[in-house]
Amino acid sequence: MLIRLATRGSLYTKSKYKWSPRFYSTQVEYKPIRSVLVANRGEIAVRVFRACNELGIKSVAIYSKEDRAHIHRLKADESYLVGEGLPPVQAYLSIPDIIAICKDHHIDAVHPGYGFLSERHDFAQAIIDAGLRFIGPSPRVVQQMGDKVAAREAAISAGVAVVPGTDGPVTTKEEAREFCVKHGLPVIFKAAYGGGGRGMRVVRKMEEVEENFERASSEALSAFGNGAMFIEKFIERPRHIEVQLLGDKAGNVVHLYERDCSVQRRHQKVVEIAPAPKLDPVIRDKMTAAAVKLARHVGYENAGTVEFLCDETGNFYFIEVNARLQVEHTITEEITGVDLVQSQIRIAEGMTLPELGLTQDKIHPNGFAIQCRVTTEDPAKNFQPDTGRIEVFRSGEGMGIRLDGASAFAGAIISPYYDSLLVKVIAHSKDLQSSCAKMNRALREFRVRGVKTNIPFLLNVLENQKFLYGSIDTYFIDENPDLFKFVPSQNRAQKLLNYLGEVLVNGPSTPLATRLLPADVKPHVPITSKDVQPPKGFRQIYKEQGPEAFAKAVRNHKTLLLMDTTFRDAHQSLLATRVRTHDLLKISPFVAHNFNNLYSLENWGGATFDVALRFLHECPWERLQEMRKLIPNIPFQMLLRGANAVGYTNYPDNVVFKFCEMAVQNGMDIFRVFDSLNYLPNLIVGMEAAGKAGGIVEAAISYSGDVSNPNKTKYDLKYYLKIADELVKAGTHVLAIKDMAGLLKPTAARMLVSALRDKYPDLPIHIHTHDTSGAGVASMLACAESGADVVDVAVDAMSGLTSQPSMGAVVASLQSTPLDTGFELPKISEYSAYWEQTRTLYAPFECTTTMKSGNADVYQNEIPGGQYTNLQFQAYSLGLEEFFEDVKKAYAEANTLLGDIIKVTPSSKVVGDLAQFMVQNKLSAKDVEEKAEELSLPKSVVEYLQGHIGQPYGGFPEPLRSKVLRDMPRIDGRPGATLPPFDFDKLKKDLQINFPNIQDRDVMSAALYPQVTKDFLAFREKFGPVDKLETRVFLTGPKVGEEFEVTIEKGKTLGIKTLAMAEDMTESGEREVFFELNGTLRSVFIVDKEASKEIEVHPKANKSDSKQVGAPMPGTVIDIRVKVGDKVEKGTPLVILSAMKMETVVQSPVAGVIKTLNIGMNMKLEAEDLLLTLE
């Protein structure tokens, strides 16, 4: 026996104790312990197992069914299931089961850890009655100290100051109210038979007494099996200081100095410091002496803590004794060098403190230690507990850092049943500041993905100056709101893996228009020197001298200028606007260096805005910013739909003005402003907005009809000249003709441009067209020869068909003529070669699926080039692909029905919707006219007839309009003129409820496209920067076994390899998809949307719908306060959830009436599960 004791060594590591028989107590029986069962779970169980291992003692774990995969059972020498058939928490509270396991497996002693049964005297007594040893205080002391009233009486008897409070436990809200009335507020409710912050509430208002008592009592009942409460006067601005004690069976008691636990949230400790900083040594000595005095008075043995509140004047009051090991015992171990757990075991064996070398004169603090409790709680959401699977775990380590944990590893499941503690991080150094620095560094090294943690909050605490210098009290968190300002964790890598898994399991997130797949190619990007700045272009004139000087320079330019539409209208026309920023940016440097003399690069606005958000899942504002960084020298041009901005409806004027202002700030230069009906009031709003923003105003007249055909009289030359006159009067810098369908024949081009040039000799003229018929090059050459300053082209590989005429063809045709553009054909060829390869990546959207060549039928149907492919894909999605020729014919009929209108977004959409409606329902134009009163026409058609997009030239068609509208309201004049100013501040606040980190550009996007933007923001939050993926991978996902790289920012590149996808689904309908990320195995679980239709899954709340109320955290429904039909106000309590022993009241986010209840009592929910809906 003596040899064994000697080999174990001293527990006091700072001074090695040599064995000497004279230290044995003659009054205490020594009986060695050979096996210890820990009646607990998680990190404290592992902590005890480690101590046992070092002492050569067998360790035994118990685990609930829910913990069968938990690491604490694997760390023990043996482990046994406990509480089979019981709920998760109750399993660890089953005393008979624990005793039975001990007897069946010949266990010597039981360590209770903390929480659960650790402060239950009946448990301690049951252990002893079973002939086992309880590693802790005697049952009598546990009972006395666990009873807040008895502990208080003991303190008074020992001469230790206490806080005024109830004489005994309080069990009813009426008793609670009576005490509060008698003694006044504030008071604090505490669980009479447990601690750890459970069942604790501070009450400052009399009307909140009863509700808080019920909630606190309910929490205490759930956590400790008894809902009785202790009430005492609440001390304002105290420090929470606790003294660590050790006592032996011979009556010896020592203190191991104090810990400051003042940094608390909801009365639960978050960060602990030892020793207490800036504590007067005199007060320290008095406090530690009082703690020892109380312990001796009650005959305390083993480890325990006496807790005090210390006010600003130095007075301190006893509040309670924790008759067990504390969570924060670690920092005492660090500063004293004493292993408290081993000390507990040795004392339980019968050794005395002197025999262990633990006399007061040998215990000295060394430096400062800090403990941070890393929990799975989201500080950005009021510390809501988070649950789920830890997908990634990487810890912070190094000198002066200790980690105590058991749940922290990749693949661990964090359940809602137990405490949210993930790992305790302990830093030890010579002083408080250096300890903070070590802790800060360690926490920043952590990477935890899959569940939220409180690490951002802890980092804010560690960087707070008051904390760094030890100036803290229990109000520290409440009075430092900056602690809750977080830089959100980006978690980009894991989010991208989730996206890739989603595509692999459920198919493309962007609907593919055809069955064609993206080519497996990596387009060759022409080499551009990174060390040479691109040559100056027309943008320098605009930025240095202003819009007027720019217009003058364009007009004085002797040769033809070109606008390149490759970056926008070309791919809108050929590829349904699906080209991604990723591919645009690759070629941008080459364009900047070799095409600096372009009039402009059309790259933004129009359909690209909503398609980027809706289908490409990328921010159009970021596209503009990134292109501007790479192309600083060429003016950018955007398409502005007048009063419609870049939307399909009318907006308040301040939206249009604010949009233009932000566009200029983000890099836009030229605004090609048009109206879908050439309705001047709408068009002029856009001109004024662009001009006020400081942009170059290019007013555009949308071209329809044929000025060279005397039989087409509606849109004749006089019509265009009249509109041009109004636009010049309105102050346009450049005049544009927008031939959106490619109807401008060479002869008509000469007539129109010559007339405009003759009337406005000093005004730059810009011609835009489409090459649908194949006559585009001829028409543009005719325009150039007739006096146009600028014509639109697209690089060869992206030209023709419904796109713009070929850049190479126009350049070659004008070489060695007075209009020679000066561009080099070899450079155009390199530019084109890139796009020829890149275009194959977008095969699913390729217009050549059905359109193999130019088609002169455009002169009959007048379908705009930009709409042609979109209309085609819409026909596919509606099952009308075989009838697309019929759709084209119906388009012409629909146009006639609506009054032969100007057709460009959004008016072209009206015609297209009506055409598809006619084909789908097998209606002729005559049928529509005759049945107009009974048909449910498309919404866009009805709104057009109401006047929502303006007044058409020549008026609305009658009697069709009257038949369709009947008694519906009509709008006369400019639709946006009567709209009240838009409230951007309100929208921002509404968005921040679900998306707290949005920027002003997101608010603008939401003002234009409310639901589309909300969906985009939710998608980006869930899946991260998908715009950084290669296009083929983005659209259809990677191949199994494929390796590829993703650069998420400069200097940060992810290496990803797709490994496999599980064939079997989980119970919740998920498939596991395996990847290798930077050489490390990762996996994600993805719900198989098709297969899981057969599995009943609780619906999720839509974050973007404020009428749907979701569970803020996982948990169990313990109370439902409303029923269907109830009227509620904002803030009305709806449901109470319990998770991780914490209760949360879910309040109504808005006023309304309960429409549906999607839950029942005791239902277990996941985060964001739908609770109820409002109306």
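Student: What is the mean pLDDT of the protein chain?
Tutor: The mean is 90, and 96% of the residues reach 70 or more. pLDDT is the predictor's confidence in each residue, from 0 to 100. This is a predicted model: local features need pLDDT of at least 70, side-chain atom pairs count only at 80 or more, and totals for chains, interfaces and linings use all residues. Residues are numbered from 1 along each chain as its sequence is written, and side-chain values use heavy atoms, without hydrogens and water.

Student: Where is the pLDDT below 50?
Tutor: Over residues 1-26. Beyond near neighbours in sequence, that stretch has 55 contacts in the model. Contact means heavy atoms within 4.5 Å.

Student: New topic. How do helices α2 and α13 cross?
Tutor: The axes of α2 (residues 42-55) and α13 (residues 340-349) come within 9 Å and cross at roughly 65°. Axes are lines fitted to C-alpha atoms, for helices over the stretch in contact, and angles run from 0 to 180 degrees between N-to-C directions. Helices (H or I, at least four residues) and strands (E, at least two) are DSSP runs, numbered from the N terminus.

Student: Which residues make the contact?
Tutor: Among them are Val-48 and Ala-51 of α2, and Val-341 and Ile-345 of α13.

Student: And how many aromatic pairs are there?
Tutor: The count is 39. Rings of Phe, Tyr and Trp (its six-membered ring) pair if their centres lie within 6.5 Å; planes under 30 degrees apart are stacked, over 60 edge-to-face, the rest tilted. One of the pairs is Phe-116 with Tyr-418, edge-to-face, 6.4 Å centre to centre and 75° between the planes. Phe-116 and Tyr-418 are 302 residues apart.
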